[in-house]
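Please examine the following sequence together with its three-dimensional model. A short report on selected side chains and their surroundings comes after it.

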Amino acid sequence: MITLIVLLCFFALLASSLFGKEKEFRFCSIIAGMLFFPHVIAFRNSPYIAPQTLFLYLPLFFEYFCDTRGFSKAFKNFPLKIPLIIFAITSFITAASTAGNFFKNIYDMFRYVFDNYAFLFLAYWFGLHIPAKKILQALFIPIFIFCAFGFVEFLLNENMPYKYICSAFPIYQGIYNLSTSISISQSWRSRICITTHHPNTLTPMLFCFIYLLFPQLKKFSLKFKFLFLILCSLVFIAGSRTGMICLIGFFGLYFFKKFSPAIKIAIVVTILLVGSYKVYSVINYFDSGNGSSISMRSQQFLYTAVLFLQKPITGNGTGYMGDNIFEVNAYGEKTLTNTSIGALESFLFRILIDFGLIGLFSQLLIIISLLFFFHKKSHLYTGTSGFFITASCYAFIFLAGDSVGTLRFMFLTIGFCLGNCKAASLPEEDATMEIEDQKDLFKNPDYLESDSNNANNLSDADESL
């Protein structure tokens, strides 16, 4: 019965993402689908068909055929087009230089690039047409349900939603045994993952919602302020120390810029003094065997260096880590073949091993392009949101590791912010939103005039940065 309910919910969300009357409900269905159906479940392995890939491929092609001209024009003006093309080229160079079946390597690389990075453009397309406030209004109930699952998991010390959802699908590739109760809390800290497979996947997803709300929090109703507090509390309940540091650190940076130069200097001096005094106790705490220690990260760094030196320019190919470190035991669980190394604790390690220097260059180009674009659009709500989502999520995955689910959800929200920012600077004849929705993207709506010169004002606002 539970399996039937789970599958009905999945197909209802999938149908809504295709045939929903309004774009915000179609995009809301995609986000809800990505929230509640983790990347470790699938319908079949060859070709690989999973719930998350269906929420990419079907809406992408449906939107294209519904508005081919608009879709093509949107791609032409996509701000991240060149960095993504460079990344695709370097990825296929890596695939072509990898030993084994050439066509299989090319296909696997195509699926990796498209199945993850195409979410950027899909979300960008919706962001061109839907202001952030509308999508957040539509997402309130799904986010609230998701948070409620988190508190239930914390209180019961058992993750029932994840177990029931994953059990409903024929293929499960996760690390937990679905035939037993799933509890990931430890004696010295609470841990939850809700429906996201791991706390390190959950934390960046929470960042995405937190920073979408944060710049506009004063203008939201009380229920959204309450939701914001719930999301922040879940970061701490999730148990990722890196996540807590990133959340506090980026909030601090946001308020830091509002202080006078004298106060800024005083804050920096205080932090340096306290940091120098506490640095050894912090190192000892992280190296005491609680969680991923510094010594284990040092081992991973050396391990990465050895594999990186095998093929430093083009890398060893996508999936190399999964093929060479993980194995599946008799219970269908993934286990580490080298437990002294552990799952890689940095996105940088995986990029260097799988993609080499050319992959690292193209990844840095994507990150820098995103930060530069959002910094230029900081007069927009979603410009500020996009900057903090990009900076905090990439900081987290560079410090604590990434997963497929992390990247996809990051790209959904980052792409949406890109679309909102682009829509705010379009002239009236090319506008993809109503003028009132377009004005709503600005932190100060009075900055614009709603007369016939509005298009010129929008262009001037964009160029002034």
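Which backbone oxygen does the side chain of T390 reach?

## Basis of the model

This is a predicted model, in which local features need pLDDT of at least 70 and side-chain atom pairs count only at pLDDT 80 or more, while totals for chains, interfaces and linings use all residues. Residues are numbered from 1 along each chain as its sequence is written, and side-chain values use heavy atoms, with hydrogens and water left out.

## T390 in helix α16

The side chain of T390 reaches the backbone oxygen of G386 at 2.7 Å. T390 lies in helix α16, which spans residues 381-400 (helices are DSSP runs of H or I with at least four residues, numbered from the N terminus). T390 counts as buried because its relative accessibility is 1%, where buried means under 20% relative accessible area and exposed over 50%, with a 1.4 Å probe and protein chains only.

Beyond its neighbours within four places in sequence, T390 is in contact with L370, L371, F374 and I414 (contact means heavy atoms within 4.5 Å).

## The largest nonpolar core

The largest nonpolar core has 125 residues, and F27, Y394 and L412 are among those with the most contacts inside it; such a core is a set of buried Ala, Val, Leu, Ile, Met, Phe, Trp, Tyr and Cys residues joined through side-chain atoms within 4.5 Å. Helix α6 (residues 102-127) gives the most to this core, with 13 residues.

Leaving aside neighbours within four places in sequence, L412 is in contact with F27, I30, I31, M34, F119 and A123.

## L8 in helix α1

L8 belongs to helix α1, residues 2-19, and is exposed, with a relative accessible area of 54%.

Conventions. Helix = DSSP H or I, 4+ residues; strand = E, 2+ residues; numbered from the N terminus. Polar contact = N/O pair within 3.5 Å; in protein donor to acceptor, adjacent residues only side chain to side chain.
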